[in-house]
Every structure is written in structure tokens, then in C-alpha cells.
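Me: I would like to learn how to read a protein model step by step, beginning with the overall fold and then moving to single residues. Could we go through one together?

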Amino acid sequence: MKLELGNIKIGQPAYRALKNAGIESLDQLTQYRETELLALHGFGPKALGILKSILAEYGLSFKIEE
């Protein structure tokens, strides 16, 4: 599955932050921890919540914090 982030309703700053980090799909998001994403400039808790919900719909999740 390769659901593109461009098809997901998140704010432009969060979208740009992910794009600049080279993250373009839900599959790629699963390789990152929540804290890593929150460290991206422009990416905040609201976008994290939206993406977390969407990942859960597909049975996916962010990488587990160690």
C-alpha cells in the first residue's frame, strides 16, 4: 500500500516538514517514532493526531519508542 501524504488533510507546514524529510507515504511514516516527527520544524501535535488516526485505520502505527 502506498497512500500518498498529499491526499491527507494536514496543515501545509506539517506537510512541508514531512516532504522536506523525504516522507511521502503512510508506509514511510511507520519507520519514524512520534518524537522524531514532532522534532520536525512545522510538524505539531495536531498533525500527529491526524496521521495516527489514519495509520490506525490501515492497521499501521508509528515506530515504537525505545
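**Reading the fold, the core and the salt bridges**

Reply: Reading from the N terminus on, the elements of this chain run α-α-α-α, and please keep in mind throughout that the model is predicted.

Me: How many helices and how many strands does the chain have?

Reply: The secondary structure comes to four helices and zero strands. The C-alpha atoms of the chain fill a box of roughly 30 × 25 × 20 Å when it is taken along the principal axes.

Me: How should I read the radius of gyration of the chain, and what does it say about how compact the chain is?

Reply: The idea is to set the value beside what a globule rule gives for the number of residues. Here the radius of gyration is 11 Å, close to the 11 Å that the rule gives for 66 residues, so the chain is as compact as a globular protein of that length. Among contacts between residues at least 6 apart in sequence, 52% join residues at least 24 apart.

Me: Where is Asp27 found, and is Asp27 buried, partly exposed or exposed?

Reply: Asp27 is found in helix α2, which covers residues 26-29, and with 31% relative accessibility Asp27 counts as partly exposed.

Me: What share of the residues is buried, and what does the accessible surface of the chain come to?

Reply: Of the 66 residues, 30% count as buried. The accessible surface comes to about 4200 Å², and 52% of that surface belongs to carbon and sulfur atoms.

Me: Which residues touch the most other members of the largest nonpolar core?

Reply: The general idea is that, in soluble globular proteins, nonpolar side chains tend to be buried together. In this chain the largest nonpolar core has 17 residues, of which Leu5, Leu18, Leu29, Leu37, Phe43 and Leu51 touch the most other members. The elements that give two or more residues to this core are α1 (12-20), α2 and α4, and the largest share, five residues, comes from α4.

Me: Leaving aside its neighbours within four places in sequence, which residues is Phe43 in contact with?

Reply: With those neighbours left aside, Phe43 is in contact with Ala14, Ala17, Leu18, Leu37, Leu38, Leu48 and Leu51.

Me: How do I read a salt bridge, and how many salt bridges does the count come to?

Reply: One looks for a side-chain nitrogen of Lys or Arg within 4 Å of a carboxyl oxygen of Asp or Glu, and by this rule the count comes to three salt bridges. In one of the bridges, the side chains of Lys52 and Glu34 meet at 3.0 Å, N to O. Lys52 lies in helix α4 (residues 45-57) and Glu34 in helix α3 (residues 34-38), so this pair ties together parts that are 18 residues apart in sequence. Lys52 is partly exposed, with a relative accessible area of 42%, and Glu34, at 23%, also counts as partly exposed.

Me: How far apart are the closest N and O atoms where Glu36 pairs with Arg33, and where Glu24 pairs with Lys19?

Reply: For the salt bridge of Glu36 with Arg33, the closest N and O atoms are 3.6 Å apart; Glu36 is partly exposed at 34%, whereas Arg33 is buried, with a relative accessible area of 15%. For the salt bridge of Glu24 with Lys19, the closest N and O atoms are 3.8 Å apart. Here Glu24 is partly exposed at 35%, and Lys19 is partly exposed at 38%.

Terms used:
Residues numbered from 1 in each chain as written. Predicted model: local features only at pLDDT ≥ 70, side-chain atom pairs only at ≥ 80, totals over all residues. Heavy atoms only, no water. Buried < 20%, exposed > 50% of the residue type's maximum accessible area, 1.4 Å probe, protein only. Core = buried A, V, L, I, M, F, W, Y, C linked by side-chain atoms within 4.5 Å. Contact = heavy atoms within 4.5 Å. Rg over C-alpha atoms; globule rule 2.2 N^0.38 Å. Areas by Shrake-Rupley, 256 points an atom, 1.4 Å probe, with all protein chains shown as cover.
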